[in-house]
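This briefing sets out the fold, the confidence and selected residues of the model shown below. Please read it alongside the sequence and the coordinates.

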Amino acid sequence: MGCGKVPKGYLQIGSGFIFSEKTGYGIDLGSKAKIIDCGGQDPIKHSFMTSDKPFFFSVNLPEGNYKVTLTIGNSKEAGELTVKAESRRLVLKKMLQMRANLLPKHLL
């Protein structure tokens with residue numbers, strides 16, 4: 001996310017990256033989010049996407065079973081997260097995360 005070098009196998013996502021059929025992923029349903037840069041050397045964890053309102057990030061994939069890994073939390077502040085699959089099925093509800101505690105969460 002954000003700026004800087006992107007590790008092999010990753011895609012860079014910015015706050016203005018709106019979903020399109022061409023790319024097949026992006027911020028969707030008219031929602032808005034911003035990227036916060038935390039600094040640091042880890043290219044995966046140096047920034048995060050957030051918003052003070054709910055936002056939707058969609059990925060257009062064929063029907064099937066997928067393992068999705070989210071890294072929840074950041075080094076700047078505590079937060080709260082709700083995750084839905086297919087914009088409706090509740091996966092995580094109001095998960096509270098303390099500041100400076102990065103938690104990988106695996107979803108199937």
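Along its sequence, the protein follows the pattern β-β-β-β-β-β-β-β. Its secondary structure amounts to 8 strands and 0 helices. The model is predicted, with a mean pLDDT of 78 for the protein.

**Confidence**

- A pLDDT of 70 or more is reached by 79% of the residues.
- Confidence is highest in strand 1 (residues 25-28), with a mean of 92, and lowest in strand 8 (residues 103-107), with a mean of 56.
- Where pLDDT is low, the predicted coordinates should not be read in detail.

**Overall surface and contacts**

- The protein has 108 residues, of which 20% count as buried.
- Its accessible surface is about 8200 Å², and carbon and sulfur atoms account for 54% of that area.
- Among contacts between residues at least 6 apart in sequence, 46% join residues at least 24 apart.

**Nonpolar core and aromatic pair**

- In soluble globular proteins, nonpolar side chains tend to be buried together.
- The largest nonpolar core in this model consists of 5 residues: Ile 13, Tyr 25, Ile 27, Ala 33 and Met 49.
- A search of the whole structure finds 1 aromatic pair. Phe 17 and Tyr 25 form this pair, which is stacked, with 5.3 Å from centre to centre and 5° between the planes.

**Gly 26 and Ser 58**

- Gly 26 lies in strand 1 and counts as buried because its relative accessibility is 0%.
- Leaving aside neighbours within four places in sequence, Gly 26 is in contact with Phe 17, Ile 18, Phe 19, Phe 56, Phe 57 and Ser 58.
- Gly 26 and Gly 14 are separated by 12 residues in sequence and by 8.9 Å in space, C-alpha to C-alpha.
- Ser 58 is part of strand 4 (residues 56-59). With a relative accessibility of 14%, under the 20% limit, Ser 58 is therefore classed as buried.
- The side chain of Ser 58 makes a polar contact of 2.7 Å with the side chain of Asp 28.
- Not counting residues up to four places away in sequence, Ser 58 touches Phe 19, Gly 24, Tyr 25, Gly 26 and Asp 28.

- Most residues other than glycine have a negative phi, and most peptide bonds are trans.
- Leu 29 has a positive phi, near 60°.
- Leu 29 is located in the loop between strand 1 and strand 2 (34-37).
- Is Leu 29 buried or exposed? Leu 29 is exposed, because its relative accessible area is 56%, and the cut-off for exposed is over 50%.

**Leu 92**

- Leu 92 is found in strand 7 (residues 89-97).
- The relative accessible area of Leu 92 is 10%, so Leu 92 counts as buried.
- Leu 92 and Thr 82 lie 10 residues apart in sequence and 5.2 Å apart in space, C-alpha to C-alpha.

Terms used: Residues numbered from 1 in each chain as written. Predicted model: local features only at pLDDT ≥ 70, side-chain atom pairs only at ≥ 80, totals over all residues. Heavy atoms only, no water. Helix = DSSP H or I, 4+ residues; strand = E, 2+ residues; numbered from the N terminus. Buried < 20%, exposed > 50% of the residue type's maximum accessible area, 1.4 Å probe, protein only. Core = buried A, V, L, I, M, F, W, Y, C linked by side-chain atoms within 4.5 Å. Phe/Tyr/Trp six-rings, centres within 6.5 Å; stacked < 30°, edge-to-face > 60°. pLDDT = per-residue confidence, 0-100. Contact = heavy atoms within 4.5 Å. Areas by Shrake-Rupley, 256 points an atom, 1.4 Å probe, with all protein chains shown as cover. Polar contact = N/O pair within 3.5 Å; in protein donor to acceptor, adjacent residues only side chain to side chain.
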